[in-house]
Amino acid sequence: MSNSNYIEMNIISKEEALQLSETLKNEGGIPSNGRVLLAVPTEKFNKTSSGIILSPLLSENNEGVAKKARVVQLGPLPKEVGLDYPTLEVGSIISYGIYGGKEVFPFLPNHDYSDKYKFYVLALTEIIYIQ
């Protein structure tokens, strides 16, 4: 299968997600039951396999394409959730619908991530795919 028609998404690394998770655990809060916290870089770009950078307007408003982000925190999860989402963990890349999630602004007195990330809380039911 040819890789000539893929789009490279701007997603934080797993290591970055683990560091953010530690910072949030020590200084911030956690998502409520059955929710995850996602970190999305504020610098948005999507690039095609040939290196063409797509406009953020083009990529964000494409209603047929799911959004992707990396999980940085998990709220308390009921035991039965583990059966439905066995691979969900900090660092997982998830796909969710274009209108999924709510933007939140964690209070982190010793860190200012406002210019680097946007944070979204997403209900487990909004997750379409886990990588």
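Guide: Happy to! Strands here are DSSP runs of E with at least two residues, numbered from the N terminus. This is a predicted model, in which local features need pLDDT of at least 70, side-chain atom pairs count only at pLDDT 80 or more, and totals for chains, interfaces and linings use all residues. Residues are numbered from 1 along each chain as its sequence is written, and side-chain values use heavy atoms, with hydrogens and water left out.

Let's start at Gln73, which sits in strand β5 (residues 67–74). Gln73 counts as buried because its relative accessibility is 5%; buried means under 20% relative accessible area, with a 1.4 Å probe and protein chains only. A polar atom of the Gln73 side chain lies 3.0 Å from the backbone oxygen of Gly29. Beyond its neighbours within four places in sequence, Gln73 is in contact (heavy atoms within 4.5 Å) with residues including Ser21, Leu24, Ile30, Val36 and Val90.

Now for the neighbouring strands. β5 and β6 run antiparallel and are joined by 4 bridges; two strands pair if DSSP finds at least two bridges between them. Within this pairing, Lys67 stands opposite Tyr96 in β6. Strand β6 (residues 93–96) is covered on both faces, with Ile93 and Ser95 buried on one side and Ile94 and Tyr96 buried on the other. β6 is also joined by 3 bridges to strand β9 (residues 127–130), again antiparallel. There, Tyr96 stands opposite Ile127 in β9.

How values were computed
Buried means under 20% relative accessible area, exposed over 50%, partly exposed in between (1.4 Å probe, protein chains only). A polar contact is a pair of N or O atoms within 3.5 Å; within protein, one must be able to donate a hydrogen and the other to accept it, and residues adjacent in sequence count only if both atoms are side-chain atoms.
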